Each structure stands twice: as C-alpha cells, then as structure tokens.
Amino acid sequence: ARKPAPAPVRVAQAPTAADVLKNVQAFYASIGQVKATFQQSVTNVTFGSTQLSEGTVFIAKPGKMRWDYYSKPRKGKRTIKKAFISNGTTLWVVEHDRKQIVQKNLEKDLMPVAVSFLYGKGDLATDFTGELDASKKYGAATDLVLKLTPKKPSAQYKHLMLVVDPSNHRVKESVIIDSAGNVNHFKFFAPDFAKV
C-alpha cells in the first residue's frame, strides 16, 4: 500500500508594510478611548542634548486628547507641570509653573496626522508611504517597526517610526524624526483601552 503524500507545509507569510499600516489604522479606529503612561525623549542633534519627560496621555473620540507632563517628584509627590488639552477643534497648552494658558485653533493649525490617527482621524496610508524597518534600532526583537515617510514634504517630520505590537497592532512607541535629524521618541506603557 502506498503511503499518502505528506501534507504541504504552510509557511506563515511575513506581513507587508501595507498590512501593518492597515491593521494599525483599524486598531485605532476601533478604540473609543485609551489611557496610558508615556516616556518622551527629545534629542536635539545640533546641541547634542536629550531632554527626558514623562506623563499620562488620555485620548477619547471624537478628537479629545490630554497629555499631562509631570514635574520631578518632590517628597514622593508628582504634580502636573504642563498639559496639552484638545477637544478636536481647539488645543490648550497649560503651563502650571508659569500660570499661563495658550490657545490654538486646530482648524487653522491642523493637528498632525502623526497624532490624530490615535483617535481615529486622519489616514496614515493617504499621508505616508510605509516600509518595514529591519534595523532593530527601535522596539523589541519581536515588534514590527513601520517607517513612514510623508507623501508631501513636512517641516514637522521627515520620518515617523511606529513600533507595533504584532499580537494586536497597537503602537508601543512613536518616533518622529524631523528634517534636521532631531528625534522625538515616545514610549507608551500600561495602556487601558475601551472599544467603540
């Protein structure tokens, strides 16, 4: 008797940049709100300096965001040093130390799609060309790193790097590199999501 032919081995195909981009966009389109802590490092290549910050981000649809930046702990207590608050049409920058509030109209000074996709606005695939980055400069070995280049030249960013969790397509890190090579790197921790 002849033995049956072995079943063909199926090799999982690696995702393409278009797949990852589509899945990231779909993940954030399905989210109603999210809260996470963040660490931010801003590196200025001209001066060779890096500024570190940390805080909490809250995002809720449609278009509501709040970024609270903490002061260094004193006697075990943290206070909010600065806050960026948006209702989707207006952005308020609240500087607690200076007791100052600056208001910007987001309809005239548009929120960059690099941020707005987090609350379901903007379309990454429309505004960026994507490729997978294999340099492993950002993220863990198992993460997917999406390198996005704006289709229209932008002073705000030359590239946007998104470090994506392959299990659910959430963004773990966001890295904005401007035309001068300055790097604005966010890492997000302990996200708490609520679906739409």
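Which element gives the largest share of the lining of the largest cavity? Strand E11 does, with 3 residues. The notes below build up to that cavity and go on from there.

1. **Basis.** This is a predicted model, in which local features need pLDDT of at least 70, side-chain atom pairs count only at pLDDT 80 or more, and totals for chains, interfaces and linings use all residues. Residues are numbered from 1 along each chain as its sequence is written, and side-chain values use heavy atoms, with hydrogens and water left out.

2. **Layout.** The chain holds 3 helices and 11 strands. Helices (H or I, at least four residues) and strands (E, at least two) are DSSP runs, numbered from the N terminus. Along the sequence the pattern reads α-β-β-β-β-β-β-α-α-β-β-β-β-β. Of the 196 residues, 38% count as buried. Buried means under 20% relative accessible area, exposed over 50%, and partly exposed in between (1.4 Å probe, protein chains only). Among contacts with a separation of 6 or more, 40% join residues 24 or more positions apart. A contact here means heavy atoms within 4.5 Å.

3. **Main core.** In soluble globular proteins, nonpolar side chains tend to be buried together. The largest nonpolar core here has 32 residues. Such a core is a set of buried Ala, Val, Leu, Ile, Met, Phe, Trp, Tyr and Cys residues joined through side-chain atoms within 4.5 Å. Val24, Trp67, Phe117, Leu124, Leu148 and Leu162 touch the most other members. At least two residues each come from helix H1 (17–29) and from strands E1 (31–44), E2 (49–60), E3 (64–70), E8 (144–150), E9 (159–164), E10 (171–177) and E11 (183–195). H1 supplies the largest share, 6 residues.

4. **Val24 and the second core.** Leaving aside neighbours within four places in sequence, Val24 is in contact with Phe117, Leu124, Val164, His169 and Val171. A second, separate core has 7 residues, including Val145, Val163, Val175 and Val183.

5. **The cavity.** Rolling a probe the size of a water molecule over the atoms shows where empty space is left. On a 1 Å grid over the protein atoms alone, a cavity is a set of points where a 1.4 Å probe fits but cannot get out; a pocket is an open set with protein on both sides within 12 Å along at least five of seven lines; lining residues have an atom within 4 Å of a point. Grid points are joined across faces, edges and corners, and a volume is the space filled by probe spheres set on the points. The whole structure has 1 cavity of 30 Å³ or more. The largest cavity has a volume of about 110 Å³. Its lining includes Tyr28, Val34, Trp67, Arg170, Val171 and Phe188. E1, E2 and E11 each give two or more residues to that lining. By class, the lining has 11 nonpolar, no polar and 1 charged residues. Ala, Val, Leu, Ile, Met, Phe, Trp, Tyr, Cys and Pro count as nonpolar, Asp, Glu, Lys and Arg as charged, and the others, Gly among them, as polar.

6. **The second largest pocket.** This pocket holds about 150 Å³ of space. It is lined by 10 residues, and the closest to its centre are Asp127, Pro150, Lys151, Lys152 and Tyr157. The lining divides into 5 nonpolar, 2 polar and 3 charged residues.

7. **Salt bridges.** The count is 4. The rule asks for a side-chain nitrogen of Lys or Arg within 4 Å of a carboxyl oxygen of Asp or Glu. Glu54 and Arg78 meet at 1.8 Å, N to O. Glu54 lies in E2 and Arg78 in the loop between E3 and strand E4 (80–86), so the pair ties together parts 24 residues apart in sequence. Glu54 is partly exposed at 27% relative accessibility, and Arg78 is partly exposed at 42%.

8. **Two further bridges.** Lys172 and Asp143 pair at 3.0 Å, N to O. Lys172 sits in E10 and Asp143 in the loop between strand E7 (128–132) and E8, 29 residues apart. Lys172 is partly exposed at 23%, whereas Asp143 is buried at 5%. Arg66 and Asp68 form another bridge, at 2.7 Å, N to O. Arg66 is partly exposed at 30%; Asp68 is buried at 5%.

9. **The E7–E8 loop.** Ala134 lies in this loop. At 69% relative accessibility, Ala134 counts as exposed. Ala134 and Leu144 are 10 residues apart in sequence and 8.5 Å apart in space, C-alpha to C-alpha.
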